[in-house]
Amino acid sequence: KASFCPCTHEEADTRMLLHVFHAVQTGIRHVMLRTVDTDVVVICIACFNKLQVDSLWIAFGVGKNFRYLAVHEIAGALGPSNSIALPLFHALTGCDTVSSFSARGKRSAYDTWKNFPALTDALLKLSSDPTSMSDAHVVAVVERFVVLLYDRTSESESVDACRKHLFASKGRSM
């Protein structure tokens with residue numbers, strides 16, 4: 001059995017998963033967590049297949065926005081690759097510590113991702129090897145995703161070219 005102490009995780013987001021892992025080691029097969037933090041949901045989806053639980057539920061939100069999320073179903077619907085890529089997608093499109101794209105929410109970003117599956121491979125590469133951010137192909141794929149997020153019909157490969165087209169040629173305001 002892995003040692004649980006001392007725990008070096010400063011964030012409760014990841015510490016919660018250590019508690020789930022420990023519960024699994026003691027035979028627990030069904031787990032429910034309580035949070036109001038989207039980051040916890042994203043991390044749980046990404047780690048679900050490694051946790052080896054039968055079901056993982058999250059009691060999420062407050063008031064009229066409270067709901068139960070079946071992480072096991074979400075991870076199953078996304079598939080293993082998209083589940084693992086989800087934390088980087090979440091960070092790229094805005095999270096607790098990273099600003100989101102102007103006038104583009106998670107829904108439009110997710111729809112763009114679904115129509116641009118090359119992003120999944122780039123995010124998987126980045127998650128397994130963060131130094132691949134210097135890989136020109138990975139950067140080009142992420143940049144193309146951003147272009148498509150703002151203009152799905154654009155042929156532009158670079159954000160700069162897309163910005164010039166959108167704001168200079170089409171006269172859109174910043």
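**Helix packing and a buried loop serine**

Ser156 is located in the loop that links H7 and helix H8 (159–169). The model is predicted, with pLDDT of at least 70 needed for local features and 80 or more for side-chain atom pairs, while totals for chains, interfaces and linings use all residues. Residues are numbered from 1 along each chain as its sequence is written, and side-chain values use heavy atoms, without hydrogens and water. Ser156 has a relative accessibility of 15% and therefore counts as buried (under 20% relative accessible area, with a 1.4 Å probe and protein chains only). Leaving aside residues up to four places away in sequence, Ser156 is in contact with Arg144, Val147, Ala161 and Cys162 (contact means heavy atoms within 4.5 Å).

Helix H7 (residues 136–150) also packs against helix H5 (residues 106–115), at an angle of about 120° and with the axes 9 Å apart. Ser108, Ala109, Thr112 and Trp113 of H5 make the contact with Phe145, Leu148 and Leu149 of H7.

Helix H1 (residues 12–25) and helix H2 (residues 38–51) form another packed pair, with an angle of about 30° and axes 10 Å apart. H1 and H2 are therefore roughly parallel (under 35 degrees). From H1, Asp13, Thr14, Met16, Leu17, Val20 and Val24 meet Asp39, Val40, Ile43, Cys44, Cys47 and Leu51 of H2.

Methods:
Axes fitted to C-alpha atoms, helices over the stretch in contact; angles between N-to-C directions. Helix = DSSP H or I, 4+ residues; strand = E, 2+ residues; numbered from the N terminus. Buried < 20%, exposed > 50% of the residue type's maximum accessible area, 1.4 Å probe, protein only. Parallel < 35°, antiparallel > 145°, perpendicular 65-115°, else oblique.
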